[in-house]
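Biologist: I would like to understand the annotated site of this protein. May we go through the model together?

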Amino acid sequence: MRDKVSGARRWVVKIGSALLTADGRGLDQDAMAVWVDQMVALRQAGVELVLVSSGAVAAGMSRLGWTVRPKAVHELQAAAAVGQMGLIRAWEASFGRCDQQTAQVLVTHDDLSDRKRYLNARSTLRTLIDLGVVPVINENDTVVTDEIRFGDNDTLAALVANLVEADLLVILTDRDGMFDADPRSNPDANLISEARADDPALDAVAGATGGALGRGGMQTKLRAARLAARSGAHTVIIGGRIEQVLARLKAGEQLGTLLAPERSRHAARKQWLAGHLQTRGSVTLDAGAVHALKQGNRSLLPVGVKAAQGGFRRGEMVVCVGPDGREIARGLVNYSAAETQRILGHASDEIEKLLGYVDEPELIHRDNMILV
């Protein structure tokens, strides 16, 4: 399965607080520079990269002289506000040494649970990736509350992997991977090199959660791997202090713990679409569009649509029917019903003139469509 790592085209790399802050002693900028050199090398090798960075709260605690992570939300928010300034500046400076542009992206759970904001976030991240920019993502700790907090950046990283349809999630931690027993108390513990993410036996060896600086633990990393597996992504849990860890993963070395999904990314996506029973409307296609979908595995363009029914919003599921009224496909639409009415029958290069903006050139992308 290691070829799935070395051959992965889009990586999400998550780096934990204990690594970034040298176990609470402030940002470890020397270590950050080492990881940046490897990430830039990955970019130069053609890998598309998204970085999920913990460390804002921990860095803020260090600046404020706090030794114990606070529990009060307003104190966590204050620490994050103080620490985020130095954290993003450190990443920008380190990547800047290598002439690699970065972008700061702060998100909350609401951003990824609200369909419209989810799609907006996805479009922004995909645009940054296409531009060759490395997004540096963190939870927006300065505004979160107990009700909307992700709980840990491992979960955030998995949701980002789903969002950008990553092939690989790499979780850099202060342990070398998952073991069949706790290596801190059992010298005979063995590293689990490879397993299926959904293997129930892993729950018994994941151990307790949490640490002095972060909210995560091996349980949260296992949960993150299972979340990432839903969209077909592989996950590697690995020690961030291993020499040239990212470069060696890319070279195919058997390091850390590789957790594999049950299905490929494409198959997982199609299965999710097939199980999406609730539809919000329909679009009627002309004969040419029906042929393109059924024979050519093509996306649905506005020019091939004759009519739209229902009050669907962007990102909702709609049914695609042919001229005879029979269902051809269903998929997630890129424009609302009102917008679709204005652009149907027109070429994609006319969308901006008709709407004043362009979200996507397709009405429904083929990756978000399933034939019936």
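Predicted model: local features only at pLDDT ≥ 70, side-chain atom pairs only at ≥ 80, totals over all residues.

Biologist: Which residues does the UniProt annotation "binding site" cover?

Modeller: The annotation comes from an unreviewed UniProt entry. The residues that this entry lists under "binding site" are K14, T173 and D174. They span 161 residues in sequence, yet they gather at one spot, because no two of their C-alpha atoms are more than 12.1 Å apart.

Biologist: Is K14 buried or exposed?

Modeller: K14 belongs to strand 1, which comprises residues 10–15. A residue counts as buried when its relative accessible area is under 20%. The value for K14 is 5%, so K14 is buried.

Biologist: Which side chain is joined to that of K14 by a polar contact of 2.9 Å?

Modeller: Not counting residues up to four places away in sequence, K14 touches several residues, including V52, S54, N153 and V170. D154 is also one of the residues that K14 touches. The polar contact of 2.9 Å links the side chain of K14 to that of D154.

Biologist: Where is D174 placed, and which residues are in contact with D174 when its neighbours within four places in sequence are left aside?

Modeller: D174 is found in the loop between strand 5 (168–173) and strand 6 (194–196). Its side chain forms a polar contact of 3.2 Å with the side chain of T173. Leaving aside neighbours within four places in sequence, the residues in contact with D174 are A18, L19 and R241.

Biologist: What is the relative accessibility of D174?

Modeller: D174 counts as partly exposed. That class lies between the cut-offs of 20% and 50%. The relative accessibility of D174 is 45%.

Key. Residues numbered from 1 in each chain as written. Heavy atoms only, no water. UniProt positions renumbered as here; feature names shortened; annotations may be inferred. Helix = DSSP H or I, 4+ residues; strand = E, 2+ residues; numbered from the N terminus. Buried < 20%, exposed > 50% of the residue type's maximum accessible area, 1.4 Å probe, protein only. Contact = heavy atoms within 4.5 Å. Polar contact = N/O pair within 3.5 Å; in protein donor to acceptor, adjacent residues only side chain to side chain.
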